[in-house]
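Me: Could you walk me through this model, and tell me what stands behind each term you use?
Reply: Happy to; have a look at it first.

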Amino acid sequence: MDKEKFLSSGLIDLYVLGLASEEDAEIVNQYAEAYPDIKSMITSLNVSLEQYARANSVDPPPALREKTFGELDQIIANNSIGSKKRDEEYSNNPNVPKAASESRSSVSNLGIGVGALLIIGLSFGMFHFNNKYDKSLLQVSELNNQLAECEENAAIIDNNNQIFAAQNEFLRNERTVHIQLNGTPNAPNAFAVAYWNEEEEYAYLNILDLPQPNADKQYQLWADVEGEMINMGILDYEKEKLIKIPRIAHAESLNVTLENLGGAEAPNVSQIFMSGKV
Amino acid sequence: MKAIEKEIIKLLHVKDRIGLELVYDNYAAAFYGIALKVVKSEALAQDVVQESMIKIWKNGDKYDEKKGTIFNWMLNIVRRTAIDKTRSPNFRPKGRIQTLDPTVYENTWRSQLNTDVVGLQDMVNNLEERYRVIIEMAYFQGYTQKEIEKELDIPIGTVKSRIRIALRELRKSFNLQIAISIILAIGIMLSSKL
């Protein structure tokens with residue numbers, strides 16, 4: 001993997017979040033060793049995240065400290081590993097940093113001033129550089145993501161195109177006829193058009209007006225073949241969209257009934273909502 | 001690496017009690033804040049901190065600098081301990097995801113925030129909600145990208161780029177913070193000279 005590819009791979013992000021696998025962490029370490037700029041980026045990301053975690057700090061109750069170290073002391077006693085002597089050495093050692101204490105430098109103010117000016121210059125330089133560097137990294141990664149999204153969209157559009165082309169061909173076919181399904185007293189305004197072609201195994205239904213069923217009900221489509229109602233399947237309630245339906249040979253009429261969720265084996269004839277002669 | 005971290009690593013390596021005291025005094029509040037976000041119970045979060053401290057003590061000699069910072073190593077222990085708590089049969093789940101909604105703890109931790117570092121609060125506030133959510137899921141709660149994808153129902157590509165943007169924003173605001181701290185320090189120094 002070249003450096004650019006590594007940078008846009010997102011491995012560094014996983015690494016600093018502590019989510020990288022051992023192998024991935026090893027890869028990141030190798031790049032950090034090889035490229036000082038990567039190393040410094042990781043360091044600054046780590047520091048920023050740590051600061052962020054600290055920004056979410058909540059002081060635990062003081063008793064927790066006693067409880068924790070009480071447990072620790074028991075463990076230590078059990079393992080009979082004492083460290084009293086080290087404690088003393090430690091507290092006598094002035095070089096050891098303390099969390100809350102701040103060391104005061106004895107360097108002259110002038111020295112500090114010059115040093116501070118230098119640091120300002122450097123930190124602004126670094127800030128500027130980091131920003132620019134970040135921006136280009138981000139652009140690469142965003143472009144990669146956009147490319148992936150474009151490819152996904154293109155696949156969806158391609159698929160839709162194929163569906164539309166098939167529908168278009170079906171509708172323009174000279175043997176395709178229109179069947180009007182009109183509403184019954186159950187739904188006087190209901191209206192749908194089926195596109196029917198005796199040479200095809202399927203047909204289309206376009207629901208133009210039909211009341212939305214309750215959540216526990218579904219519409220079901222039936223074909224009347226010589227007095228027998230043949231199940232053509234449950235209709236998804238989608239208005240003004242071509243719904244693909246099977247074509248039943250020798251169908252004399254198409255009928256839509258309202259059934260319980262999941263559909264029925266025989267139609268509920270009192271609940272016919274639309275009907276049309278083939 | 002900061003001097004305090006070096007000292008902690010050194011002391012934990014030889015199992016010196018002071019090492020753990022330094023850890024506690026420097027990091028317990030951060031750990032407690034994170035544990036609260038995951039387990040959403042003060043009592044449980046305290047257990048998490050206590051257990052984590054003991055694990056840090058027991059495994060401190062196994063910490064390897066090559067695998068990341070000592071802070072990240074400890075954080076990992078804390079979040080794993082916290083997540084284990086949520087998986088225990090006694091845990092009454094409210095759903096891990098709910099920690100991301102504004103919770104009752106929000107006010108607590110906001111008000112108890114350590115204000116010793118300039119602009120920390122801004123750092124949190126400046127991060128847009130959608131980035132904050134992802135960083136907290138990944139960093140505080142150890143969600144993988146796939147888990148985030150599933151939980152938030154957004155494409156993995158978007159998860160990745162949001163993580164990237166969130167980290168960049170954090171880093172940017174941190175860099176800016178340093179610059180401001182330096183300017184403030186110099187301002188104070190110059191005014192004290194006058």
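This is a predicted model: local features need pLDDT of at least 70, side-chain atom pairs count only at pLDDT 80 or more; totals for chains, interfaces and linings use all residues.

Me: What makes strand 1 and strand 8 of chain A a pair?
Reply: Pairing requires that DSSP finds at least two bridges between two strands. Strand 1 (residues 177-183) and strand 8 (residues 272-277) of chain A have two bridges, in the antiparallel sense, so they qualify as a pair. Strands themselves are DSSP runs of E, at least two residues, and helices are runs of H or I, at least four, numbered from the N terminus.

Me: Why are strand 5 and strand 6 of chain A at the edges?
Reply: The open sheet in chain A has the order 5-4-7-8-1-2-3-6, with antiparallel pairing. Strand 5 (228-235) and strand 6 (242-246) each have a single partner strand, so one side of each lacks a neighbour in the sheet.

Me: How do you know which residues of helix 7 of chain B are buried?
Reply: Buried means 20 or more other C-beta atoms within 10 Å of a residue's own, exposed means 12 or fewer, and partly exposed lies in between, with C-beta atoms placed from the backbone. Among those that count as buried in this helix are B:Val133, B:Met137 and B:Phe140.

Notes. Residues are numbered from 1 along each chain as its sequence is written. Chains are lettered from A and ligands numbered from 1 in the order in which they are written.
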